[in-house]
Amino acid sequence: MTSIDRASVDLVVPVKPLTKAKSRLRGAADGGIGEPRAHARLAMALLRDTIDAVRAAPSVRHLLVVSSDPVVAAELGVFGIDVAPDGPVAGLNPAYDRGAALLRERDPAAVVGALQADLPALRPDELGEAIEAALGLFAAGARRAFVADAEGTGTTFLLAAPGVALDPLFGAGSARRHERSGAHPLLGEWPGLHRDVDTAADLREAAALGLGEHTSCALALIPGC
């Protein structure tokens with residue numbers, strides 16, 4: 001493989017129903033109360049900040065969200081974001097596989113990527129640099145590449161070269177599984193891309209990096225939101 005179109009990178013972001021997403025963050029948006037609407041608003045805010053960064057990255061052509069939550073579909077649809085329902089098999093990895101298959105139906109030669117939905121400190125330039133690093137590896141013959149989370153054990157981002165199956169292996173210990181499956185680790189100073197948010201401690205670390213507008217509003221860090 002000698003050349004890859006920099007404008008043919010398509011990403012999948014899966015989203016659980018908002019009432020079930022990010023269960024370990026319950027109470028983070030309302031002082032520990034855990035009111036369902038406040039929690040759903042925080043989960044949606046994490047997603048919106050992730051999406052904003054993706055849409056501002058010039059190297060991303062298409063973004064597809066996979067979710068059967070009607071609130072997610074309605075809210076994102078207002079902004080012209082494509083949302084596809086989950087397939088017959090539940091779970092994070094099947095959602096990534098479904099999204100990748102739908103994107104490849106549009107363009108079999110696309111570079112397809114899997115991105116986590118909880119990256120509220122992500123910056124477009126970080127995502128762009130990681131994509132460029134992966135494309136460089138693909139041009140040299142690599143087939144898949146990934147970015148580990150801040151702890152180095154999980155995965156926040158996975159990319160597959162044109163014509164190569166995404167083969168997502170997300171979950172506990174996924175960084176090692178992805179590497180063992182042949183995916184190349186991408187090493188870069190991308191703190192927002194590494195910092196996914198599962199716990200209150202993760203959220204504090206993301207806040208130290210600089211949260212996006214939506215998460216800041218959900219946490220009442222911006223007056224008047």
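**Close-up 1. F157 is buried in the predicted model.** At 1% relative accessibility, F157 counts as buried (under 20% relative accessible area with a 1.4 Å probe, protein chains only; exposed is over 50%, partly exposed in between). This residue is found in strand β6, where helices (H or I, at least four residues) and strands (E, at least two) are DSSP runs numbered from the N terminus. Leaving aside residues up to four places away in sequence, F157 touches L11, A114, L115, L127, A130, I131, A145, F146, V147 and L193, a contact being heavy atoms within 4.5 Å. F157 and P58 lie 99 residues apart in sequence and, C-alpha to C-alpha, 17 Å apart in space. The model is predicted, with pLDDT of at least 70 needed for local features and 80 or more for side-chain atom pairs to count, while totals for chains, interfaces and linings use all residues. Residues are numbered from 1 along each chain as its sequence is written, and side-chain values use heavy atoms, with hydrogens and water left out.

**Close-up 2. Strand β6 and its two partner strands, β4 and β5, are shown.** Six of the six residues of β6 (residues 155-160) are buried, so the strand is largely enclosed by the rest of the structure. β6 pairs in the antiparallel sense with β4 (residues 111-115) over four bridges and with β5 (residues 144-148) over five bridges; two strands pair if DSSP finds at least two bridges between them. L115 stands opposite F157, and A148 has T155 as its bridge partner in β6. Six residues lie between the strands of the β5 and β6 hairpin, in which G152 takes a positive phi near 85°.

**Close-up 3. An open sheet of seven strands has mixed pairing.** The strand order is β3-β2-β1-β4-β6-β5-β7. β3 (82-84) and β7 (184-185) stand at the edges with a single partner strand each, so one side of each has no neighbour in the sheet. Strands of a sheet pair through backbone hydrogen bonds, either parallel or antiparallel. β1 (residues 9-14) and β4 pair in the parallel sense over four bridges, and V111 in β4 is the bridge partner of V9. Helix α4 (residues 124-139) packs on the sheet, where it touches β1, β2, β4, β5, β6 and β7. The direction of α4 makes about 40° with that of β6; axes are lines fitted to C-alpha atoms, for helices over the stretch in contact, and angles run from 0 to 180 degrees between N-to-C directions.

**Close-up 4. The largest pocket holds about 900 Å³ of space.** Its lining comprises 37 residues, of which K22, L92, Q116, D118 and D198 are the closest to its centre. On a 1 Å grid over the protein atoms alone, a pocket is an open set of points where a 1.4 Å probe fits, with protein on both sides within 12 Å along at least five of seven lines, and lining residues have an atom within 4 Å of a point. Grid points are joined across faces, edges and corners, and a volume is the space filled by probe spheres set on the points. α1 (36-55) and α3 (92-106) each supply at least two lining residues, with α1 giving the most, three residues. The lining has 14 nonpolar, 11 polar and 12 charged residues (Ala, Val, Leu, Ile, Met, Phe, Trp, Tyr, Cys and Pro count as nonpolar, Asp, Glu, Lys and Arg as charged, and the others, Gly among them, as polar).
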